[in-house]
Amino acid sequence: MGIQRIESATYGIAELDTCVRFFDDFGLFLVERTDEHAVFETLAGQTLHLDTEPGPLLPPPVEDGPTLREIVWGVDTPAELERLVAAAGRYGTVRESADGVFHTVDRSGFGVGLTLARPRKTAVAPRPVNAPGSVRRWNTALEPLTRAYPLRMCHVALNIAQAGKEEAVAFYTDVLGFRPTDVVEPMGVFMQAPGDDDQHTLLLCHRPDRVGVNHIAYEVPGFDDVIEGGNHMIEKGWREARRLGRHTVGSNVFRFLHAPCGGRVEYAADMDRVDDSYETRVHETTPPHHIWALRTNRDQEATTAS
């Protein structure tokens with residue numbers, strides 16, 4: 001089948017302590033720490049690498065300051081891995097590291113790795129919800145979650161330049177086997193990995209017309225985790241990047257935070273799942289960013305005053 005999921009993400013950073021504190025508060029699990037780097041895990045076994053001195057197999061950073069340097073994609077079988085490495089090798093140099101990762105570069109300059117997927121099963125228990133005719137919780141009051149613990153990295157969004165955007169998308173579709181699920185002509189292309197059922201695993205966003213990391217999304221079990229996880233991060237002193245809402249493309253509930261490693265991170269829940277019968281949707285105009293977003297009376301008063 002091919003690529004199943006994001007296996008790891010590596011950021012080149014300047015200040016390690018701040019980034020470690022951020023992802024500890026965010027709910028990832030620290031598994032390794034030195035003076036130069038740290039490694040966190042999701043519950044699904046994916047790894048996040050924070051490096052003050054990224055290794056020589058990574059390409060130069062695509063933007064100034066701390067930023068994403070590489071996404072490694074997990075492949076289901078050795079035969080598929082060999083096929084994808086050979087396909088990538090026809091478009092550029094591929095180098096293998098001692099840990100079994102094959103490293104190359106996409107058309108925008110981001111590092112791309114390929115390796116065998118090492119999935120870890122996660123016990124997902126969304127909070128039971130009560131509604132008339134559908135009672136899932138008897139004689140039990142809910143307790144606060146207080147914070148979130150992400151299950152997995154579910155998608156990555158990258159900003160790419162307008163010039164060469166077709167070639168940038170083709171690297172992922174023609175070489176690595178992603179398929180477009182929603183093409184938003186003024187903004188970007190949402191793509192699904194062959195072994196994933198999320199509506200998108202990757203977004204190449206050309207609207208900003210500059211190369212850089214946009215965000216990595218982390219799935220949590222449910223709506224409460226998105227809200228309470230974001231509240232916890234604000235209480236810890238981190239800055240929210242976008243209000244609570246529900247996306248139009250993908251339908252997931254979201255909450256974004258500015259990340260000291262570059263770009264943003266997203267708590268996400270309830271993403272659309274799509275199979276092979278889902279036909280690519282092409283949007284000539286950009287759909288609204290969200291179905292809804294949290295509003296307050298102050299928002300209404302500001303709109304009325306203007």
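**View 1. Strands S2 and S3 are joined by four bridges and run antiparallel.** Helices (H or I, at least four residues) and strands (E, at least two) are DSSP runs numbered from the N terminus, and two strands pair if DSSP finds at least two bridges between them. The model is predicted: local features need pLDDT of at least 70, side-chain atom pairs count only at pLDDT 80 or more, and totals for chains, interfaces and linings use all residues. Residues are numbered from 1 along each chain as its sequence is written, and side-chain values use heavy atoms, with hydrogens and water left out. Arg 33 stands opposite Ala 38 in S3. Both strands belong to an open sheet of eight strands with mixed pairing, in the order S2-S3-S4-S1-S5-S8-S7-S6. Strand S2 (29–33) and strand S6 (95–96) are at the edges with a single partner strand each, so one side of each has no neighbour in the sheet.

**View 2. The largest nonpolar core has 63 residues.** Such a core is a set of buried Ala, Val, Leu, Ile, Met, Phe, Trp, Tyr and Cys residues joined through side-chain atoms within 4.5 Å. Buried means under 20% relative accessible area, exposed over 50%, and partly exposed in between (1.4 Å probe, protein chains only). Phe 23, Leu 48, Leu 50, Trp 73 and Tyr 172 have the most contacts inside this core. Helix H1 (residues 16–26) gives the largest share, six residues. A second, separate core has seven residues, among them Val 184, Leu 203, Cys 205 and Val 249.

**View 3. Leu 50 and its contacts.** Contact means heavy atoms within 4.5 Å. With neighbours within four places in sequence left aside, the residues in contact with Leu 50 include Leu 16, Cys 19, Val 20 and Phe 23, as well as Ala 38, Phe 40 and Cys 261.

**View 4. Helix H3 (residues 165–175) and the glycine after it.** The buried residues of H3 are Ala 168, Val 169, Phe 171, Tyr 172, Thr 173 and Val 175. Gly 177, which follows the helix, has a positive phi near 90 degrees.

**View 5. Strand S14 (residues 240–247) is joined to strand S15 (residues 253–258) by four bridges.** The two run antiparallel and form a hairpin with five residues between them. In the turn, Gly 250 has a positive phi of about 100 degrees. Phe 256 in S15 is the bridge partner of Arg 242. Three bridges also join S14 to strand S18 (residues 290–293), again antiparallel, and there Trp 292 is the bridge partner of Arg 246.

**View 6. Ala 241 lies in strand S14.** Ala 241 is partly exposed, with a relative accessible area of 26%. Apart from neighbours within four places in sequence, Ala 241 is in contact with Phe 256, Leu 257, His 258 and Arg 264. His 289 is 48 residues from Ala 241 in sequence and 14 Å away in space, C-alpha to C-alpha.

View 7. Most residues other than glycine have a negative phi. At 45% relative accessibility, Asp 209 counts as partly exposed.
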